Amino acid sequence: ERDFPLRRPMPEVVPQEGLEALDMTSHLVHVRRSVPALNSGELNASEVSCTQETLQFTRRLDKQVAVCAFNCSTEQGHHVTLSAPHDCEPGTIFVDVLDNGRKKYVLTGDRVLVPAPEPPKPAAGSTATQPKNMPLPHSHPVCLDPCQVMCIVSECPPELAKVPVQTVKKQSYKKSPAPSVGVAPPKAAAPVAALPAAAPEAVAEAAAPAPTTETIEDMKAQLMAENERLRQKAAMLDLGN
């Protein structure tokens, strides 16, 4: 038998956290399918390094290499030193395909991956050429936030190397024209709805004074006298029958 009764029903309204997790999962699947080294590359056990809270491994296919690092901790960040296989050529550029800015790393002669330096921008009107060989740091530990995943790829596919365009929805609103200096804007008179004419009985009842204690006692006496008269009349009718 199928296990449909055991499955939890899908919520009618997906919370914001669920939408963010869905977007992240979709992007990870797209990255895996777009990078051959992640999809069907070779994984060498000697290139896997792990601690109690971090994991780092390398997968490669032909000349493409993918270095993945994970911070499995949910409470604190951890520093990791990214390294590449020995058969990678120094100076190889890697692209972080999970970073919104598509940050680039370069492989040093010590087999360590460090952020690729950005050449200084020339001054306006200057024709000086950029230096090709710029100094690189010997080591650069990368800090991974809690539950952060990092994946840097050499020979990155062009569609993954592009910086994603983030669209921001702007609220449309209309500005009221500013009044002239020294001139107060005219105030529009509020319309006054015509009140319906009150009935004469309601007017008389509203104009009547509130009953006092003496008036209430007189009304009680009148009611009791009327009740006694009706009782006597009913008794006389019974005798006549």
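Author: Start with strand β3 (residues 54–61), which is mostly covered, with six of its eight residues buried. Buried means under 20% relative accessible area, exposed over 50%, and partly exposed in between, with a 1.4 Å probe and protein chains only. Strands (E, at least two residues) and helices (H or I, at least four) are DSSP runs, numbered from the N terminus. This is a predicted model, in which local features need pLDDT of at least 70 and side-chain atom pairs count only at pLDDT 80 or more, while totals for chains, interfaces and linings use all residues. Residues are numbered from 1 along each chain as its sequence is written, and side-chain values use heavy atoms, with hydrogens and water left out.

Reader: How many helices and strands are there in the protein, and what percentage of its residues count as buried?

Author: The protein has five helices and ten strands. Of its 241 residues, 21% count as buried.

Reader: Which strands pair with β3?

Author: Two strands pair if DSSP finds at least two bridges between them. Strand β1 (residues 42–43) pairs with β3 in the antiparallel sense over two bridges, and Glu42 stands opposite Arg60 in β3. Strand β2 (residues 49–50) is also antiparallel to β3, again over two bridges, with Ser49 opposite Gln56. β4 runs antiparallel to β3 and is joined to β3 by eight bridges; there, Ala66 in β4 is the bridge partner of Arg59.

Reader: How many residues lie between the strands in the hairpins of β2 with β3 and β3 with β4?

Author: The hairpin of β2 and β3 has three residues between its strands. In the hairpin of β3 and β4 there are two, and Asp62 takes a positive phi near 60°.

Reader: How many aromatic pairs does a search of the whole structure find?

Author: Rings of Phe, Tyr and Trp (its six-membered ring) pair if their centres lie within 6.5 Å; planes under 30 degrees apart count as stacked, over 60 as edge-to-face and the rest as tilted. The search of the whole structure finds one aromatic pair. Phe57 and Phe70 form this pair, which is stacked, at 5.8 Å centre to centre and 20° between the planes. Phe57 lies in strand β3 and Phe70 in strand β4, so the pair ties together parts that are 13 residues apart in sequence.

Reader: Where is Asn71, and which backbone oxygen does its side chain reach?

Author: Asn71 is in strand β4 (residues 64–71). Its relative accessible area is 2%, so Asn71 is buried. The side chain of Asn71 reaches the backbone oxygen of Gln76 at 3.2 Å. Not counting residues up to four places away in sequence, Asn71 touches residues including Glu53, Thr54, His78, Leu144 and Cys147.

Conventions:
A polar contact is a pair of N or O atoms within 3.5 Å; within protein, one must be able to donate a hydrogen and the other to accept it, and residues adjacent in sequence count only if both atoms are side-chain atoms. Contact means heavy atoms within 4.5 Å.
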